[in-house]
Amino acid sequence: MDDIIQELRALRERVTGVQGCVIAGVDGLLLMWDTAGGQEPHDLAALAAAAVGVGRQAGLALRHGGFRETTIHSLRGYFTVYAVGESALLAVVGDDGMNVARLHLEARTVAPRLAAMLQATRPPQPELPELPQLARGHHAM
């Protein structure tokens, strides 16, 4: 997990204006963070999930496909969310001077590495037992 935190810190240090990064589940639960701007990491994780929800719906409605990333530009800053595999998100918050083009270049390279690192840290999932087969002509009640 230290490798993941190092990736987040490096992203914050390489891109001008980045104040913090969080890794969240697609459900909005905080997994890891590196912030320096005073934002609450749990709030960023929840906002990331909400932004992805809107992005996914837009992709479906417009027939543009699955979610990849979204950027919200407000009066005093940016909030950008990237898909990290199928089950995690990278959320980046930055001030109004954040170099968004540089962030996109860096984050699009970092996201697949983060996905691989997260996959490697996951405990093995137990296999589900097979369900018994019903005899032909019999129905379960």
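In what order do the five strands of the open sheet lie? I looked that up before anything else. The order is β2-β1-β5-β4-β3, and the pairing is antiparallel. Two strands count as paired if DSSP finds at least two bridges between them. The edge strands are β2 and β3, each pairing on one side only. Neighbouring strands are turned by 15° against each other on average, ignoring direction.

**Ground rules.** I'm reading a predicted model, where local features need pLDDT of at least 70, side-chain atom pairs count only at pLDDT 80 or more, and totals for chains, interfaces and linings use all residues. Residues are numbered from 1 along each chain as its sequence is written, and side-chain values use heavy atoms, with hydrogens and water left out.

**The whole chain.** I found three helices and five strands, in the pattern α-β-β-α-β-β-β-α along the sequence. Helices (H or I, at least four residues) and strands (E, at least two) are DSSP runs, numbered from the N terminus. Of the 141 residues, 37% are buried. Buried means under 20% relative accessible area, with a 1.4 Å probe and protein chains only. The accessible surface comes to about 9200 Å², and 55% of that belongs to carbon and sulfur atoms; the areas come from the Shrake-Rupley method with a 1.4 Å probe.

**Strand pairs.** I checked β1 and β2, which pair in the antiparallel sense over five bridges. V22 stands opposite W33 in β2. The two strands form a hairpin with four residues between them, and G28 in the turn has a positive phi of about 90°. Next I looked at β4 and β5, which pair in the antiparallel sense over eight bridges. Here A83 stands opposite L89 in β5.

**Helix α3.** This helix packs on the sheet and touches β1, β2, β3, β4 and β5; its direction makes about 35° with that of β4. For the angle, axes are lines fitted to C-alpha atoms, for helices over the stretch in contact, and angles run from 0 to 180 degrees between N-to-C directions. Its 22 residues (100–121) should span 32 Å at 1.5 Å a residue, and the end C-alpha atoms are 30 Å apart, which agrees. The expected span is 1.5 Å times one less than the number of residues. I also spotted a kink of about 25° centred on A107; the bend is the angle between axes fitted to the seven residues ending there and the seven starting there.

Which residues of α3 are buried? My list includes L103, A107, V110, A111, L114 and L118. Residues three or four places apart in an α-helix point the same way, because there are 3.6 residues a turn. The cover over the buried residues of α3 includes α1 (2–14) as well as β1, β2, β3, β4 and β5.

**Helix α2.** Residues 41–61 make up this one, and its 21 residues reach 30 Å from first C-alpha to last, close to the 30 Å expected. Its buried residues include L44, A45, A48, A49 and V52. I noted β1, β2, β3, β4 and β5 among what covers them.

**One residue up close.** I picked V92, which lies in strand β5 (residues 88–95). Is V92 buried or exposed? It is buried, with a relative accessible area of 0%. Leaving aside neighbours within four places in sequence, V92 is in contact (heavy atoms within 4.5 Å) with residues including L11, V18, F79 and L103. V92 and L103 are 11 residues apart in sequence and 8.8 Å apart in space, C-alpha to C-alpha.

Notes
Buried < 20%, exposed > 50% of the residue type's maximum accessible area, 1.4 Å probe, protein only.
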